[in-house]
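This briefing sets out selected structural features of the model shown below. Please read it alongside the sequence and the coordinates.

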Amino acid sequence: MFCSLQENPEEGRASIYKSLIISTSKEIMCFSDFPIPDDFPNYMHNSKIMEFFRMYADYFDLLKYIHFKGRRTIVVSVTKRPDFSTTGQWDIVTETAGKQESAVFDGVMVCTGHHTNAHLPLDSFPGIEKFKGRYFHSRDYKKPQEFSGKRVIVIGIGNSGTDLAVELSHTADQIFLSTRQGAWILDWIGEEGYPMDTIYVTRYIEFLLRIVPLSLLNYFTEKKLNAKFNHAIYGLQPAHRFSSVHPTASDNLPNRIISGKVLVKPNIKEFATTSAIFKDGTREDNLDVVIFATGYSFSFSFLGDCVKVVENQVSLYKFVFPNLEKPTLVFIGLIQPFGPLMPIAELRGHWATRVFKGT
């Protein structure tokens with residue numbers, strides 16, 4: 001399922017902002033049997049990615065094999081049939097405009113990914129209920145114009161939080177970027193101007209990861225990143241090693257920090273009516289907006305007892321197959337790799353269909 005082209009995000013569906021550009025290059029993320037056109041940029045705007053998907057579907061004449069249920073359709077339940085232990089079949093109930101339909105399927109692929117259900121940990125921010133300004137999760141952000149002249153706090157220094165802080169810093173009066181633990185900041189552009197992932201997501205680097213001690217790789221990577229800009233001076237130095245947490249990619253964040261448009265702040269201790277008090281005792285007043293770029297959680301309520309999610313973790317063989325009598329339920333893309341997801345999802349799709357067919 002892809003994001004629908006509308007202003008207001010719907011609960012239970014993935015959502016993006018208008019300016020979103022993917023953080024993996026076309027050379028690394030393309031499908032193996034259909035290269036992305038030469039005239040497309042290395043890092044694509046979301047509209048170009050949608051165009052690529054449509055080109056792929058047209059080239060292989062896939063649409064005749066796909067039945068689209070409609071944007072307003074939800075999956076109510078996916079349950080094993082009474083004879084599941086021998087057939088592996090599923091009863092699937094969908095609902096459109098209050099009307100339910102049931103159908104039987106031989107296999108099910110769950111492709112909802114990680115970024116659907118907003119994680120909004122308001123309990124971790126005392127006083128937020130007193131705050132008189134506006135606050136919302138980053139999934140609800142669409143465009144920067146409405147924040148012109150505002151004083152905005154962005155909480156979270158993942159890719160979404162960093163993107164929003166950078167974009168809003170061009171229109172807002174002031175951006176405060178609150179981070180609990182800092183982050184290692186990667187560039188999109190590597191040596192000689194090549195996309196960073198074409199340099200570092202390679203068989204050679206994979207080979208090094210197998211033979212060189214991880215502590216040594218962390219040391220050299222962190223030294224290289226600090227040579228670009230000293231993370232401690234910029235208020236971004238994390239306590240964790242480079243390989244411990246997914247890094248953040250942004251060429252523009254250091255520029256916005258050094259120009260004063262983005263001020264890096266520690267974690268928030270509490271909120272007041274128009275203010276935020278930080279863990280280091282500092283305070284910022286006259287705030288208008290708080291954006292929680294605090295990540296996502298996932299759940300599969302439609303699967304009932306077939307799969308259990310505990311603390312945002314689910315037990316899957318090779319991140320694909322749950323432990324069932326018949327391997328006819330798979331998860332595609334429920335993984336966060338260091339690098340592009342699409343080639344991994346493609347390989348898992350090949351594997352899953354061959355298991356379905358018994359080959």
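Which residues of α2 are buried? They are Asn-46, Ile-49, Met-50, Phe-52, Phe-53, Tyr-56 and Ala-57, where buried means under 20% relative accessible area, exposed over 50% and partly exposed in between, with a 1.4 Å probe and protein chains only. Seen down the axis of α2, these residues fall within an arc of 155°, so they line one face of the helix; the arc is that of the directions from the helix axis to the C-beta atoms.

The model is predicted, so local features need pLDDT of at least 70 and side-chain atom pairs count only at pLDDT 80 or more, whereas totals for chains, interfaces and linings use all residues. Residues are numbered from 1 along each chain as its sequence is written, and side-chain values use heavy atoms, with hydrogens and water left out. Helices (H or I, at least four residues) and strands (E, at least two) are DSSP runs, numbered from the N terminus.

- Helix α2 has 14 residues and reaches 20 Å from its first C-alpha to its last, close to the 20 Å expected at 1.5 Å a residue; the expected span is 1.5 Å times one less than the number of residues.
- The face of α2 turned away from its buried side carries the exposed residues Arg-54, Asp-58 and Tyr-59.
- Just after α2, Asp-61 takes a positive phi of about 55°.
- Helix α9 (residues 342–357) has 16 residues and should span 22 Å at 1.5 Å a residue, which agrees with the 23 Å between its end C-alpha atoms.
- In α9 the buried residues are Met-342, Glu-346, Arg-348, Gly-349 and Ala-352. Because they fall within an arc of 170° when seen down the axis of α9, they line one face of the helix.
- The cover over the buried residues of α9 includes α1 (26–29), α2 (46–59), β4 (108–110) and β19 (329–331). In turn, α9 is among what covers the buried residues of α2.
- Gly-358, which follows α9, has a positive phi near 80°.

**Nonpolar cores**

- A nonpolar core is a set of buried Ala, Val, Leu, Ile, Met, Phe, Trp, Tyr and Cys residues joined through side-chain atoms within 4.5 Å.
- The largest such core has 25 residues, of which Val-152, Val-154, Ile-175, Leu-236, Leu-253 and Ile-291 touch the most other members.
- Two or more residues of this core come from each of β7 (151–155), α4 (159–168), β8 (174–178), α8 (253–258) and β15 (289–292). The largest share, 4 residues, is that of α4.
- Another core, of 18 residues, lies apart from it and has Trp-90, Val-108, Leu-316 and Phe-331 among its members.
- Leaving aside neighbours within four places in sequence, Ile-291 is in contact with residues including Phe-136, Val-152, Val-154, Leu-164 and Leu-168; contact means heavy atoms within 4.5 Å.

- Three strands form an open sheet in the order β12-β13-β14, with antiparallel pairing; two strands pair if DSSP finds at least two bridges between them.
- Its edge strands, β12 (268–271) and β14 (283–284), each pair on one side only.
- Between β12 and β13 (residues 276–278) there are 3 bridges in the antiparallel sense, and Glu-270 stands opposite Ile-277 in β13.
- Lys-265 is in strand β11 (residues 262–265) and is buried, at a relative accessible area of 10%.
- The side chains of Lys-265 and Thr-282 are joined by a polar contact of 3.0 Å. Such a contact is a pair of N or O atoms within 3.5 Å; within protein, one must be able to donate a hydrogen and the other to accept it, and residues adjacent in sequence count only if both atoms are side-chain atoms.
- Not counting residues up to four places away in sequence, Lys-265 touches Phe-176, Leu-177, Ser-178, Thr-179, Phe-278, Thr-282 and Glu-284.

**Positive phi in loops**

- Most residues other than glycine have a negative phi.
- Strands β2 and β3 run antiparallel and are joined by 7 bridges; Glu-95 has Gln-100 in β3 as its bridge partner.
- The hairpin of β2 and β3 has 2 residues between the strands, and there Ala-97 takes a positive phi near 50°. Ala-97 is exposed, with a relative accessible area of 80%.
- Asn-312, although not a glycine, has a positive phi of about 60°. Its place is in the loop between β17 (309–310) and β18 (313–314), and at 29% relative accessibility Asn-312 counts as partly exposed.
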